[in-house]
Amino acid sequence: MIANTTIQESGASQPLLAGEIDSRHGPILYLEDVNVSFDGFKALNHLSLYIDSGELRCMIGPNGAGKTTLMDVITGKTKPDSGSVYFGQTINLLELDEPAIAATGICRKFQKPSVFDALTVFENLELAMHADKRTWPTLFYRRNAEQNERIHNVLDTIKLTSLSKHPAGILSHGQKQWLEIGMLLMQEPKVMLVDEPIAGMTHQEVERTAELLLSLQGKHSIIVVEHDMEFVRSIAQKVTVLHEGSVLTEGTMDEVQNDPRVIQVYLGE
Ligand SMILES: Nc1ncnc2c1ncn2[C@@H]1O[C@H](COP(=O)(O)OP(=O)(O)O)[C@@H](O)[C@H]1O
Ligand SMILES: [Mg+2]
C-alpha cells in the first residue's frame with residue numbers, strides 16, 4: 001500500500017487533477033457563443049453546447065457541419081476567434097495548450113488506431129497507463145497490485161481479457177478500436193471525445209461498440225460523433241444536430257429525426 005500512497009501524493013502535486021474538476025453547479029464542459037473561421041468561412045458559428053457529467057452525447061450533422069472542428073476546439077488544437085470554452089466551473093480551456101488540456105482529463109480517440117502491434121494487448125494498456133503523467137514515477141518500480149487491477153478492469157470493460165497475452169497485431173479492426181478506447185480509459189479521463197468509432201467495423205463489432213460506450217456512461221462524459229444513424233439510435237440519450245457550425249436542435253433520437261429542419265438538412269445533403 002506504500003506504493004499506492006506514493007502515486008497519490010505525486011498526483012496531488014499536479015496543479016490540475018482530473019478529480020478536481022468542479023462540475024457540482026453545472027455542466028462538466030461548456031462552450032458558449034464559439035466562433036471559428038477559416039479564411040472567412042465560419043466553421044463554427046455562435047455555437048453553444050453544454051455537456052453534463054457522466055453523459056453520453058451523440059453529435060450528428062451533415063458533412064462540413066463543424067463536428068471535427070468542435071472537437072478540435074475542445075482539445076485545444078484549434079483556438080476559436082471568440083467565445084468561451086470551460087471545463088467545469090473554473091478551468092478556462094482557451095488559456096491552455098493541447099497537452100495541458102489533455103492533462104486535465106479530456107482525451108480524444110482518433111479514427112486511425114495507434115496501438116503497438118508488436119506489444120501484447122496487456123502491454124499496450126500498461127504503456128497507456130504510464131503515458132499518464134500522474135503515474136510517471138511508477139515506470140521505475142514494478143507494477144503494483146492496484147495498477148494490475150486497473151489493467152484487468154479495463155480488459156474486462158473492453159472484452160479483451162481472453163486476448164490479453166496476444167500481440168495487438170493479431171486483433172481485428174474492431175478489436176483494435178476497443179483496445180484504443182481501453183488505452184484512453186487507462187488514463188481515467190473525465191471527458192472522452194470519440195470521432196466516428198464504428199467506421200469499417202463489422203455488424204457484430206458495431207453492436208459490441210454500442211455496448212461498450214453504453215457501459216461507460218455515468219463514469220465518463222462522452223461525446224460521440226457518428227454518421228451511422230442506426231448506431232446513433234442504439235446508444236443515443238441526447239442527440240445534438242450540428243448544421244453550418246451551429247446547433248440546429250437537440251433532443252432524443254425520435255425528436256431530432258422527426259424535426260422538419262433536420263429532415264430538410266439531411267435531404268439537402
Ligand atoms: N483547417 C481548415 N482550414 C480550412 N477549412 C477548414 C479547416 N478545417 C475545417 N474546415 C472547413 O470547416 C468546415 C467544417 O469542417 P469539419 O469540422 O471538419 O466538419 P465535419 O466534421 O462536421 O464534417 C468544412 O467546410 C471544412 O472544409
Ligand atoms: Mg469530421
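This short talk walks through the fold of one chain and the surroundings of its ligand.

Before I start, please keep in mind that this is a predicted model, in which local features need pLDDT of at least 70, side-chain atom pairs count only at pLDDT 80 or more, and totals for chains, interfaces and linings use all residues. Residues are numbered from 1 along each chain as its sequence is written, while chains are lettered from A and ligands numbered from 1 in the order in which they are written.

Let me begin with the overall picture. The secondary structure comes to ten helices and ten strands, where helices (H or I, at least four residues) and strands (E, at least two) are DSSP runs numbered from the N terminus. Of the 269 residues in the chain, 38% are buried, and by buried I mean that 20 or more other C-beta atoms, placed from the backbone, lie within 10 Å of the residue's own.

Now to the sheet. Six strands form an open sheet with mixed pairing, in the order S6-S7-S8-S3-S9-S10, and two strands are said to pair if DSSP finds at least two bridges between them. Strand S6 (106-109) and strand S10 (246-251) stand at the edges with a single partner strand each, so one side of each is left without a neighbour in the sheet. Further in, strand S3 (residues 56-60) and strand S9 (residues 238-243) run parallel and are joined by four bridges, with cysteine 58 standing opposite valine 239 in S9.

What does valine 262 touch, leaving aside residues up to four places away in sequence? Valine 262, which sits in helix H10, touches Val241, Leu248, Thr249, Val256 and Gln257, a contact being two C-beta atoms, placed from the backbone, within 7 Å. Valine 262 counts as buried because it has 21 C-beta neighbours inside 10 Å.

Finally, the ligand. Around ligand 1 we find Phe38, Ala43, Gly61, Asn63, Gly64, Ala65, Gly66, Lys67, Thr68 and Thr69, each with its C-beta atom, placed from the backbone, within 6 Å of the ligand. Helix H2 (residues 67-75) gives the most to this shell, with three residues.

Note on methods
Buried ≥ 20, exposed ≤ 12 C-beta atoms within 10 Å, placed from the backbone.
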